Structure formats: structure tokens, C-alpha cells
Amino acid sequence: MNPRTTLITGATQGLGRGLALDLAARGGTVLLHGRDRTRLDRVADEVRAAAPRSTVRTYLADLADLDQVHAMAARIRAAEPRLDGLINNAVAGGGAEPHTRELSYQGHELRFAVNHLAPYALTRDLLPLLTASAPSRVINVASMGQEAIDFDNVMLERDYEGLRAYCRSKLALIMATFHLAAELAGTGVTVNTLHPAHLMDTHGVREYGLTPVTDVEEGVRPTVRLLLDPDLADTTGRYFDQFTEARAHDQAYDTEARERLMTLTDALVERD
């Protein structure tokens, strides 16, 4: 019997749904997150039907609201005896109206909030469970689309554009990955990040007006590899372009910029 428990955020469509189906087929427990109850229940039923020997549970939260992120983490800690893997996959893409700047519930730029603040807050809140279940792995789904963060304009109050916001938020996620990996060295919790595939056939790609060039399965395989490959058991703090370790944007290796980002991030995700 496979005892592994894995949480997948953004599991109701695209890459998240593909990951849920793949991991459930391997057995164990799969925890599915979504922000729409109807879609979440529909995917959960689909996964159960496809993999009846797996255990599927669902968690509802809007990651654009940090209060809901913290509350979901608390429910998971209370209900789940273990957590072997966390895949931070949920994403806000460039948007259907890329010149319309959107805000989270806390008033932060939406892409920065959903793609960076929420996964960081969720990971932080789940660290007690991840550490108790070690060896465990955190996988942050990033992108090859990365742009340097302007610390005088972090929330893009000036010169806003949806794809620019997306690329900056994904670089922030990569920088947080490196930060957490260093902090957690020796705990048995590894933290890695990857660009899963180029322009997958997902809602976010189509919504922005781009043409998909790969199917979701192209992104599922390298993501599952980071989660399960025994050869990567001790690998942490790395960025991968699909299956290959790669170099992220130069700013990700700027320790001063990284510390500046994480000081801001810790202040923004702290509970009131």
C-alpha cells in the first residue's frame, strides 16, 4: 500500500488536474485544492472513478485571500496525519484583459498574491506537517517567463501589464524556493521549482490569447519526477526546465535582492 499523501493546489483544471490523475493512479492519498466547489467536486469524482484504490479529499480556498490560505492550512494540519508532498501549482496567468490591474482581497497585486504570496504562506503554514512527515518534498510550479522585480514598484502600480506581472510573480516564487530550501537544509524537507512545459494547453494560456504548443502531459511528467524520483531525494533549492537543471533569472541569485523580497513577503503574509 502506498502511504504517500500529496496536496495539489489548483487541481480543478490544466496541469493540476493532470497531476491529480497521475498521482492517484499510483495509489496513496491525493488532496485536491480548488476555489470553486462545483469544479472541485467534479474533478474529485473523476479522479476517484479513474483510481478507485486511491483516497481523494478536497480543500476549498481562494488563494487570492490570504485569510483563506491560512484557514485551509489549519484545516489540513488538523485533518491530515501526514503530508509527503506539496505541489504549489495554482496560478493567475496574464489575464483576459492584461492592461487591467487586479487586486487580491488584501489589496496586493493579484498575480503577485496568487503566484507568490499564497504558495509561500501555505508552505510556511504546512511546514510542521511536512517536517513531521519527512522526507517530504515541496514543488513550486514556476515558468521560464521571468522578469526582474522592481523594488520601487513591486505591486506594479506603474506600467502594469498582465504578462509582466505574471513573469515577476514567477521569479518571486523561484526566489522564495531558494530561500526556503536554504532555511530547511537538514530537516528532510526539500524545495524545488520548475518550468513544466512550454505553453501548455491550459485555460491561462488561452485566456491571455496565446496558442498552446504542448499538451498538459508534457508538464505532468517532469513535475511528478521532481516529486517522486528517488535520485532527487537530496536535491533542493534548484530550478529545472522540465527534466534539466537550469539557471533561473540572474536576480534569483542576488542574495541582497532575495533577502529584500523575503523581508517584504514575510510582512505581507503574516496573520493580522
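Guide: What follows takes the helix pairs, then a ring pair, then some loop residues.

Visitor: What am I looking at, and which residues count?

Guide: This is a predicted model, where local features need pLDDT of at least 70, side-chain atom pairs count only at pLDDT 80 or more, and totals for chains, interfaces and linings use all residues. Residues are numbered from 1 along each chain as its sequence is written, and side-chain values use heavy atoms, with hydrogens and water left out.

Visitor: Start with helix 4 and helix 5. How do their axes cross?

Guide: Helix 4 covers residues 110–132 and helix 5 covers residues 162–183; their axes come within 7 Å and cross at roughly 20°. Helices (H or I, at least four residues) and strands (E, at least two) are DSSP runs, numbered from the N terminus. Axes are lines fitted to C-alpha atoms, for helices over the stretch in contact, and angles run from 0 to 180 degrees between N-to-C directions.

Visitor: And what does that make helix 4 and helix 5 to each other?

Guide: Roughly parallel. Angles under 35 degrees count as roughly parallel, over 145 as roughly antiparallel, 65 to 115 as roughly perpendicular and the rest as oblique. Helix 4 passes helix 5 in a right-handed crossing. A crossing is right-handed if the near helix is turned clockwise from the far one by less than a right angle, and left-handed if anticlockwise.

Visitor: Which residues make the contact?

Guide: On helix 4, they include Arg 111, Phe 112, Asn 115 and His 116; on helix 5, Ala 165, Tyr 166, Ser 169 and Glu 183 are among them. Contact means heavy atoms within 4.5 Å. The residues of this contact divide into 9 nonpolar, 6 polar and 3 charged. Ala, Val, Leu, Ile, Met, Phe, Trp, Tyr, Cys and Pro count as nonpolar, Asp, Glu, Lys and Arg as charged, and the others, Gly among them, as polar.

Visitor: Now helix 1. At what angle does helix 1 pack with helix 2?

Guide: About 30°, with the axes 9 Å apart; helix 2 is residues 37–50. That makes helix 1 roughly parallel to helix 2. Arg 17, Ala 20, Leu 21 and Ala 24 in helix 1 meet Val 43, Glu 46, Val 47 and Ala 50 in helix 2. By type, the contact has 6 nonpolar residues, no polar ones and 2 charged.

Visitor: How does helix 1 pack with helix 7?

Guide: Helix 1 (residues 14–25) and helix 7 (residues 217–228) have axes 10 Å apart, at an angle of about 55°. They are therefore oblique to each other, and the crossing is right-handed. From helix 1, the contact includes Leu 15, Leu 19 and Asp 22, and from helix 7, Val 220, Thr 223 and Leu 227 are among the residues. The contact divides into 7 nonpolar, 3 polar and 1 charged.

Visitor: Different topic. How many aromatic pairs does the structure hold?

Guide: The structure holds 1 aromatic pair. The rings of Phe 178 and Tyr 253 have their centres 5.4 Å apart and their planes at 40°, so the pair is tilted. Rings of Phe, Tyr and Trp (its six-membered ring) pair if their centres lie within 6.5 Å; planes under 30 degrees apart count as stacked, over 60 as edge-to-face and the rest as tilted.

Visitor: Where do Phe 178 and Tyr 253 lie?

Guide: Phe 178 lies in helix 5 and Tyr 253 in the loop between strand 8 (244–246) and helix 8 (255–269), so the pair ties together parts 75 residues apart in sequence.

Visitor: Is Phe 178 buried or exposed?

Guide: Phe 178 is buried, at 8% relative accessible area, while Tyr 253 is partly exposed at 32%. Buried means under 20% relative accessible area, exposed over 50%, partly exposed in between (1.4 Å probe, protein chains only).

Visitor: Last, the loop between strand 4 and helix 4. What does Gly 93 touch?

Guide: Gly 93 is in that loop and is buried at 16%. Leaving aside neighbours within four places in sequence, Gly 93 is in contact with Arg 111 and Tyr 166. Val 91 is placed in the loop too, and is partly exposed at 46%. Apart from residues up to four places away in sequence, Val 91 touches Val 114, Asn 115, Tyr 166 and Lys 170.
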